[in-house]
Amino acid sequence: MSHAADVLDRITERAAQSRPAAAAVGLLAAGNLLDALGQRRAARSAVGAGLVTAVPTAVSGWSDWSDTEGHERRIGALHSSANTVGLLLHAASLARRPRRGGAGLALLGSAVLGVGGWLGGHLAYALGVGVDTTAFQAGPTEWTDAGASADVSDAPAQVEVGGVPLVLVRHDGRLHALADRCTHRGGPLSDGRLVDGCLECPWHLSRFDVTDGAVHRGPATRPQPVYEVREVAGRIEVRRQEGRALRINPVGV
Ligand code: FES
């Protein structure tokens with residue numbers, strides 16, 4: 001991967017993690033409210049700030065969309081188009097101020113953005129785009145056998161424990177266990193490779209630190225779940241870290 005592509009990945013990752021969408025929508029809506037209150041200068045500032053804040057949102061949205069296909073891709077294109085039109089209307093409102101019509105254009109822009117937001121919600125909640133694919137995985141909370149110690153080396157190996165696929169790997173003499181399903185789109189990390197202390201997903205090349213699952217390279221934005229692991233009499237045992245034990249498993253593995 002080129003340096004420029006790597007930098008773009010990092011920008012995308014940070015943009016997705018900083019949740020700028022809520023800030024952009026909030027600022028643009030605040031502009032509408034200030035217009036209604038007759039605070040034209042403040043409204044102009046809010047709309048301007050909202051437009052700037054929307055830039056990283058668009059970048060992360062583009063990253064999510066580029067990995068979709070079929071129905072998801074078409075809905076994503078509609079979502080993107082509505083948001084683009086909405087932002088252009090807000091930009092036009094900014095250019096028109098302080099003349100008459102600026103507030104109306106901003107209001108129309110927010111209405112179109114509302115349609116885009118509804119489509120975005122459909123993408124996330126109905127189609128699962130951008131959702132951590134391990135969110136509902138359970139796994140054992142008690143120490144559970146995961147195979148023979150001799151079977152695990154620095155080559156990632158998949159095991160299934162309590163119905164959940166895990167990946168085991170050794171690095172610098174230490175054994176690590178992570179969820180095998182990539183948090184981005186569910187790629188099997190056990191088919192990837194170990195690079196600089198990270199597991200690299202074979203599908204879109206995200207990298208996760210084997211020690212804590214932290215994202216070192218996108219497009220993934222969510223860390224990979226890490227399991228506690230120990231070796232007892234030549235066998236490997238794992239259990240889920242309590243920090244992940246926030247949910248039951250309503251949809252199977
Ligand atoms: S599935 Fe996309 S990076 Fe793993």
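## The model and its ground rules

The model is predicted: local features need pLDDT of at least 70, side-chain atom pairs count only at pLDDT 80 or more, and totals for chains, interfaces and linings use all residues. Residues are numbered from 1 along each chain as its sequence is written, and side-chain values use heavy atoms, with hydrogens and water left out.

## The chain as a whole

The chain has 253 residues, and 40% of them are buried. Buried means under 20% relative accessible area, exposed means over 50%, and partly exposed lies in between (1.4 Å probe, protein chains only). The secondary structure comes to 5 helices and 10 strands. These are DSSP runs, numbered from the N terminus: helices are H or I with at least four residues, strands are E with at least two.

The chain exposes about 13,200 Å². Carbon and sulfur atoms supply 58% of that area. Accessible areas come from the Shrake-Rupley method with a 1.4 Å probe; for residues, only the protein chains shown count as cover. Now take the contacts with a separation of 6 or more: residues 24 or more positions apart account for 56% of them. A contact means heavy atoms within 4.5 Å.

## Helix α4

Helix α4 covers residues 70-96, which is 27 residues. At 1.5 Å a residue it should span 39 Å, and its end C-alpha atoms are 39 Å apart, so the two values agree. The expected span is 1.5 Å times one less than the number of residues.

Some of this helix is buried. The buried residues of α4 are Ile 75, Gly 76, Ala 82, Gly 86, Leu 89, His 90, Ser 93 and Leu 94.

Strand β4 runs over residues 174-179. Of its 6 residues, 5 are buried, so the strand is largely enclosed by the rest of the structure.

Strand β3 (residues 164-171) pairs with β4 in the antiparallel sense over 6 bridges. Two strands pair if DSSP finds at least two bridges between them. Leu 166 stands opposite Ala 179 in β4. The two strands form a hairpin with 2 residues between them. In the turn, Asp 172 has a positive phi of about 50 degrees. β4 is also joined to strand β9 (residues 226-232), by 2 bridges, and these strands run antiparallel. Here Leu 178 stands opposite Val 226 in β9.

## An open sheet of four strands

Another sheet is open and has 4 strands, in the order β5-β6-β7-β8, with antiparallel pairing. β5 (193-195) and β8 stand at the edges, each with a single partner strand, so one side of each is left without a neighbour in the sheet. Neighbouring strands of this sheet are turned by 35 degrees against each other on average, direction ignored.

The bridge partner of Glu 200 in β7 is Arg 207.

## Salt bridges

Side chains of opposite charge can pair when their charged atoms come close. The structure holds 10 salt bridges. Each is a side-chain nitrogen of Lys or Arg within 4 Å of a carboxyl oxygen of Asp or Glu. Glu 200 meets Arg 193 in one of them, at 2.9 Å, N to O. Glu 200 is buried, with a relative accessible area of 6%, while Arg 193 is partly exposed at 47%. A network of salt bridges links Arg 193, Glu 200, Arg 207 and Arg 217.

Another salt bridge joins Arg 222 and Asp 132 (3.6 Å, N to O). This pair links distant parts of the chain, 90 residues apart. Arg 222 is in the loop between β8 (215-217) and β9, and Asp 132 is in the loop between α5 (102-126) and β1. Arg 222 is partly exposed at 35%, whereas Asp 132 is buried at 11%.

Arg 235 forms a salt bridge with Asp 145, with the closest N and O atoms 2.8 Å apart. These residues are also 90 residues apart: Arg 235 is in strand β10 (residues 235-240) and Asp 145 is in strand β1. Both count as partly exposed, Arg 235 at 35% and Asp 145 at 37%.

## Ser 149, a buried loop residue

Ser 149 is in the loop between β1 (144-148) and β2 (157-161). Its relative accessibility is 12%, so it counts as buried. Ser 149 touches Arg 170, Glu 231, Gly 234, Arg 235 and Ile 236, not counting residues up to four places away in sequence.

Terms used: Axes are lines fitted to C-alpha atoms, for helices over the stretch in contact, and angles run from 0 to 180 degrees between N-to-C directions.
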